[in-house]
Structure formats: structure tokens, C-alpha cells
Amino acid sequence: MREIIFDTETTGLDLREDRIIELGGVELVNRFPTGRTFHKFINPQGRAIHAEAQAVHGISAADLVGKPTFAEIVEEWLAFTDGAKLIAHNATFDLAFLNLEYSRLDHPAIDPGRIIDTLALARRKHPMGPNSLDALCRRYGIDNTRRTKHGALLDSELLAEVYIELIGGKQAALVLEAVAVQMNGAGEVADIDISIGPRPIALPPRLSEADRAAHAGLVSTLGEKALWLKVAAG
């Protein structure tokens, strides 16, 4: 199962005018990070960055000079996310901005069935809140001290850890499954079967001869009708 945890930063909150200026994502396969990430700063093509937005993410217009437009990175993004579930915190916001960028390029909108909203998951699991990304990091003991500003890749990396906790925690993710994740020669994720055979050398018995003799002596005192004798006989 392949999932992409993603996040966007924008010039502001107005869907009619504002643009995506940063896009980041982290790949999970079978709920484990593979190490593959996506991260791009994006030129908003003349759209000014609102002061309030810049105070949140710290990205200035000068930072975006010479960066690619969304049209120039979209194919790489589509290849990275192809066939995967898309997971975001307050996903409605990110989905709306992505779909607007897609519409400008005559690309189909994202199927809502591909989306998992971790904010909705958190509200169901922790109805008393708070359920911001920072609050969930504190709740689950995830180190977010690097998050002095919002950032699409950093927030995706933190959200990946939060998501694992929301769906059952690290122990649940460590349950042995029928497949393991590895990278093939083309740099893509491939599934392989796990085959667990017998030990090449059997472990030595932990019972000594003295232990066996003591056990036999105890059994001999139990009498012919002892339940133990029936169990031992099979």
C-alpha cells in the first residue's frame, strides 16, 4: 500500500487569486517511510505574498525568483503521487489549491476518494482537541523543535509520524506482514515475499538432566489418575 503525506504553502488564503508557492511530500509504503520525498518551491507568476502568510511560512517573493512555475513541476508531482492515497492535515485547504492549479492546466481534479484528512482522524480520536499539527506532535512525543516556521516538506515529515500514531502507533506498524519494502534497480519500490525457514542450528535445550530427573520424581508422586499423565500421553 502506497501513501503520500503532503503539504502546501501558498501566497494567501483566497482561492480566487492566491497560488501555491511550496509543495512537499513524503512516501510511505505499508505505513513505513521509504526515504523518497518531493519538494519544490514554486514561482507564483507575479502574485504577491500576503504579509500574514509570509509570517507563517517565512517565504518571500525574493526566495521564489527563478523558481519553476507549477506547470513546470506538475508532471514530476503527478509521477510521484501516481496511484497513491494522498494524506494531508486539513486536506480540504490543500486539495482546493491543488485542484485550482490543475484546472489552470486542464488537468482533471483529484478524486476525493484518494484523500485522507488527518485533521478529521484526529478529531474523531481526540474530540476534546487540540488537534493542530504542533498539538499532535506534543501529544505523541514527536520532536517538532525544528518547526519555527511552516514548511511543506518539514510539515509532511512531521505529519507522517503523527499519521502512524493516529492509525495505531509504531507498535502496530511493526507487525510482521507478508511483504517487505525494498528499492529496485530503477529506484522504484518493489514488493518481495518474506520466507522464514527453520533455524540452521537448533537452539540447545534449556532443561538440564537434573531438571528432568526432578520433574520425573514429582510426576511419580501424583498417582495413576493425575491429569498431568493424560496430558503428557497426548
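Student: In strand β5, which residue is the bridge partner of Ile87?
Tutor: The structure is a predicted model, in which local features need pLDDT of at least 70, side-chain atom pairs count only at pLDDT 80 or more, and totals for chains, interfaces and linings use all residues. Residues are numbered from 1 along each chain as its sequence is written, and side-chain values use heavy atoms, with hydrogens and water left out. Strands β4 and β5 (residues 115-117) pair in the parallel sense over three bridges; two strands pair if DSSP finds at least two bridges between them. In β5, the partner of Ile87 is Ile116.

Student: How many helices and strands does the chain have?
Tutor: Helices (H or I, at least four residues) and strands (E, at least two) are DSSP runs, numbered from the N terminus. On that basis the secondary structure of the chain comes to nine helices and seven strands.

Student: In β4, what is the bridge partner of Ile5?
Tutor: Strand β1 (residues 2-10) pairs with strand β4 (residues 85-88) in the parallel sense, over three bridges. Ile4 stands opposite Leu86 in β4. The bridge partner of Ile5 in β4 is Ile87.

Student: Which residue in the turn of the β2 and β3 hairpin has a positive phi?
Tutor: Strands β2 (residues 20-29) and β3 (residues 32-41) run antiparallel and are joined by seven bridges. Val29 has Phe32 as its bridge partner in β3. Two residues lie between the strands of this hairpin, and the one in the turn with a positive phi, of about 50°, is Asn30.

Student: Why is one side of β3 and of β5 left without a neighbour in the sheet?
Tutor: Five strands form an open sheet with mixed pairing, in the order β3-β2-β1-β4-β5. One side of β3 and of β5 has no neighbour in the sheet because each stands at an edge, with a single partner strand.

Student: Across which strands does helix α4 lie?
Tutor: Axes here are lines fitted to C-alpha atoms, for helices over the stretch in contact, and angles run from 0 to 180 degrees between N-to-C directions. Helix α3 lies across β1, β2, β4 and β5, at about 80° to β1. Helix α4 (residues 118-125) runs at about 45° to β5, and the strands it lies across are β4 and β5.

Student: Are α2 and α3 roughly parallel or roughly perpendicular to each other?
Tutor: Contact means heavy atoms within 4.5 Å, and Phe70, Val74, Trp77 and Leu78 in α2 meet Leu98, Glu101 and Tyr102 in α3. The axes are 11 Å apart, with a packing angle of about 110°. Angles under 35 degrees count as roughly parallel, over 145 as roughly antiparallel, 65 to 115 as roughly perpendicular and the rest as oblique. The two helices, α2 and α3, are therefore roughly perpendicular.

Student: Is the crossing of α5 and α6 left-handed or right-handed?
Tutor: The axes of helices α5 (residues 133-140) and α6 (residues 152-166) come within 10 Å and cross at roughly 55°, so α5 and α6 are oblique to each other. The contact includes Leu133, Leu136, Cys137 and Tyr140 of α5, and Leu158 and Val162 among the residues of α6. A crossing is left-handed if the near helix is turned anticlockwise from the far one by less than a right angle, and right-handed if clockwise. The crossing of α5 and α6 is left-handed.

Student: By how many residues in sequence are the parts tied together by Phe38 and Phe80 apart?
Tutor: Rings of Phe, Tyr and Trp (its six-membered ring) pair if their centres lie within 6.5 Å; planes under 30 degrees apart count as stacked, over 60 as edge-to-face and the rest as tilted. The count comes to six aromatic pairs; in one of them, Phe38 and Phe80 are tilted, at 5.8 Å centre to centre and 35° between the planes. Phe38 lies in β3 and Phe80 in helix α2 (residues 70-81), so the pair ties together parts whose separation in sequence is 42 residues.

Student: What is the relative accessible area of Phe80?
Tutor: Buried means under 20% relative accessible area, exposed over 50% and partly exposed in between (1.4 Å probe, protein chains only). Phe38 is buried, at 3%. Phe80 is also buried, and its relative accessible area is 5%.

Student: Which residues do ring pairs link into a cluster?
Tutor: Phe38 and Phe80 form an aromatic pair. The cluster linked by ring pairs consists of Phe6, Phe38, Trp77 and Phe80.
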